[in-house]
Amino acid sequence: MSKLTVEEISNVLKEKFSSQILSESIEYDFTVYTINKEFLLQIVKFLYDDEKLQFRYLTTMCGLHYPDATQ
């Protein structure tokens with residue numbers, strides 16, 4: 001199996017989950033996605049189950065809570 005580039009992985013995610021990905025950026029050499037929290041499990045499961053991707057290791061996942069935010 002050949003290695004996929006970050007760009008190829010990003011394209012697969014955008015194709016499958018474009019409306020759930022709120023933003024994408026590069027932070028400290030890591031690609032960072034901000035997603036709708038309701039789709040977290042669906043996206044992580046897709047990364048694991050997809051034949052092409054087969055993600056088996058999650059480096060980091062974090063969430064932030066802003067209780068005073070209006071959105």
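What follows is a short walk through the fold, surface and charge pairs of this protein.

The model is a predicted one, so to speak of local features a pLDDT of at least 70 is needed, side-chain atom pairs count only at pLDDT 80 or more, and totals for chains, interfaces and linings use all residues. Residues are numbered from 1 along each chain as its sequence is written, and side-chain values use heavy atoms, with hydrogens and water left out.

The protein has 2 helices and 2 strands, and from the N terminus on these elements run α-β-β-α. Both kinds of element are DSSP runs numbered from the N terminus, with helices being H or I over at least four residues and strands being E over at least two. Along the principal axes, the C-alpha atoms fill a box of roughly 45 × 25 × 20 Å. Of the contacts (heavy atoms within 4.5 Å) between residues at least 6 apart in sequence, 34% join residues at least 24 apart.

As for burial, 15% of the 71 residues are buried. Here buried means under 20% relative accessible area, exposed means over 50%, and partly exposed is in between (1.4 Å probe, protein chains only). The accessible surface comes to about 6500 Å², and 54% of that belongs to carbon and sulfur atoms. These areas come from the Shrake-Rupley method with a 1.4 Å probe, and for residues only the protein chains shown count as cover.

Gln20 sits in the loop between α1 and β1 and is buried, at a relative accessible area of 13%. Leaving aside residues up to four places away in sequence, Gln20 touches Thr34, Ile35, Asn36, Phe39 and Ile43. Glu7, a residue of helix α1, is exposed instead, with a relative accessible area of 59%. Between Glu7 and Thr31 there are 9.6 Å in space, C-alpha to C-alpha, and 24 residues in sequence.

Leu58 belongs to the segment after α2 (40-49).

Turning to charge, there are 7 positive and 11 negative side chains, and the centres of the two sets lie 6 Å apart. Lys and Arg count as positive and Asp and Glu as negative, while His and the chain ends are not counted. Each charge is placed at NZ of Lys, CZ of Arg, CG of Asp or CD of Glu.

Side chains of opposite charge can pair when their charged atoms come close. A salt bridge is taken as a side-chain nitrogen of Lys or Arg within 4 Å of a carboxyl oxygen of Asp or Glu, and by this rule the count comes to 2. One of them joins Glu24 to Lys14, with the closest N and O atoms 3.1 Å apart. That pair links distant parts of the chain, since Glu24 is in strand β1 (residues 21-27) and Lys14 in helix α1 (residues 6-17), 10 residues apart. Both partners are partly exposed, Glu24 at 33% relative accessibility and Lys14 at 39%.

Asp49 forms a salt bridge with Lys45, and here the closest N and O atoms are 2.5 Å apart. Asp49 and Lys45 both lie in helix α2, 4 residues apart, or about one turn of the helix. Asp49 is partly exposed at 44% relative accessible area, and Lys45 is partly exposed at 48%.
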